[in-house]
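Trainee: I have a structure open and would like to go through it by question and answer. Where do we start?

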Amino acid sequence: MLTLPRCILGAVCLAASLGLVALRLEAQGVSRVDTVPAPSLRANLYGDPDVRLATVYLPRSYSDNPSRRYPVVYLLHGFGGGAEPFLRRIAFERPLDSLTARGALREMIVVTPDANNRLTGSFFRNSPVTGRWEDFVVKDLVSFIDANYRTIPSRKARGIAGWSMGGYGALYIAARNPGTFSAVYSLSACCLLADLPGESLWRIRGREAVRTEASGRFAEGFNASIVTALAAIYSPNEARAPLFVNFPWAGDSATVVDSIAKQWRDTPLEIIRRSSPATLKSLKWA
């Protein structure tokens with residue numbers, strides 16, 4: 001059995017799950033930023049752009065061997081920032097280069113789309129408010145990468161990983177799209193509790209968002225923004241400007257509104273629980 005060092009934020013763990021055992025080689029990959037058309041995001045109510053940036057890590061042999069094709073890991077970032085600060089913070093390229101150079105892993109392409117929107121995060125789910133982010137990843141992004149890079153265009157060579165909000169998105173997307181991805185890795189996934197609106201921390205955050213909505217302003221600051229981003233996927237309301245959501249709290253005391261709170265129970269864990277045994281078995285989990 002292949003023994004790996006501590007996982008490098010999903011890309012390495014997921015590579016192991018995909019079975020990407022490698023030959024020894026000298027590796028020093030390069031990263032580039034590409035522009036991805038995002039027709040799935042065109043109808044969003046916040047006016048966010050329908051062209052997105054994506055950082056693409058290419059292994060060293062990519063330029064030296066023009067006939068070779070590579071597996072791909074899609075690495076999703078967390079809430080409150082885009083791909084660039086996330087990748088700068090984790091700096092996975094050098095450890096990944098080192099592991100491939102030692103022969104611990106086969107070389108791969110790593111793609112990190114920038115999901116920074118007006119709320120600083122989308123949770124990678126479809127919404128009439130923020131746009132169809134699941135479709136962006138599964139349809140727009142995957143097809144773009146397969147068309148423009150030398151990938152192995154097969155689910156068997158395609159995995160998805162993420163941290164915090166990205167971990168949430170990775171679980172959600174993988175469980176719903178086993179025909180596109182064959183492996184998933186989630187690190188410190190955010191916001192998975194089915195009873196989230198009743199938790200004290202989230203009621204505090206909800207109070208802040210409710211006050212923001214009452215003032216007629218757009219959500220600003222981490223607390224109001226993350227609560228609004230979750231409401232945009234669980235309880236959207238296209239008639240309720242400027243945020244276009246229903247919150248599962250009411251008043252200064254942030255009393256839980258049960259009829260809305262129950263809509264927030266459709267978490268990735270619940271979706272996994274409802275998945276068929278065949279779907280669960282088809283995915284490698286890490």
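Trainee: Which helix gives the most to the lining of the largest pocket?

Mentor: This is a predicted model. Its largest pocket has a volume of about 210 Å³, and Val33, Thr55, Ala83, Glu84 and Leu87 are the closest to the centre among the 14 residues that line it. Strand 1 (30–37), strand 2 (51–58) and helix 3 (83–90) each supply at least two residues of that lining. With four residues, the one that gives the most is helix 3.

Trainee: How many residues of the lining of the largest pocket are charged?

Mentor: The lining divides by residue type, with six nonpolar and three polar. The charged residues number five.

Trainee: Within what arc do the buried residues of helix 7 fall?

Mentor: The buried residues of helix 7 are Trp202, Arg205, Gly206, Ala209, Val210, Thr212 and Glu213. An α-helix has 3.6 residues a turn, so residues three or four places apart point the same way. Seen down the axis of helix 7, the buried residues line one face, because they fall within an arc of 155°.

Trainee: Which elements do the buried residues of helix 7 pack against?

Mentor: Ser200 and Ala214 are exposed, on the other side of helix 7. The buried residues pack against helix 8 (222–234) and strand 9 (249–250).

Trainee: Is Thr267 buried or exposed?

Mentor: Thr267 sits in the loop between helix 9 (258–261) and helix 10 (268–274). Beyond its neighbours within four places in sequence, Thr267 is in contact with Arg125, Leu192, Leu193, Ala194 and Tyr234. Its relative accessible area is 2%, and the cut-off is under 20%, so Thr267 is buried.

Methods. Residues are numbered from 1 along each chain as its sequence is written. This is a predicted model: local features need pLDDT of at least 70, side-chain atom pairs count only at pLDDT 80 or more; totals for chains, interfaces and linings use all residues. Side-chain values use heavy atoms; hydrogens and water are left out. Buried means under 20% relative accessible area, exposed over 50%, partly exposed in between (1.4 Å probe, protein chains only). Contact means heavy atoms within 4.5 Å. On a 1 Å grid over the protein atoms alone, a cavity is a set of points where a 1.4 Å probe fits but cannot get out, and a pocket is an open set with protein on both sides within 12 Å along at least five of seven lines; lining residues have an atom within 4 Å of a point. Grid points are joined across faces, edges and corners, and a volume is the space filled by probe spheres set on the points. Ala, Val, Leu, Ile, Met, Phe, Trp, Tyr, Cys and Pro count as nonpolar, Asp, Glu, Lys and Arg as charged, and the others, Gly among them, as polar. The arc is that of the directions from the helix axis to the C-beta atoms.
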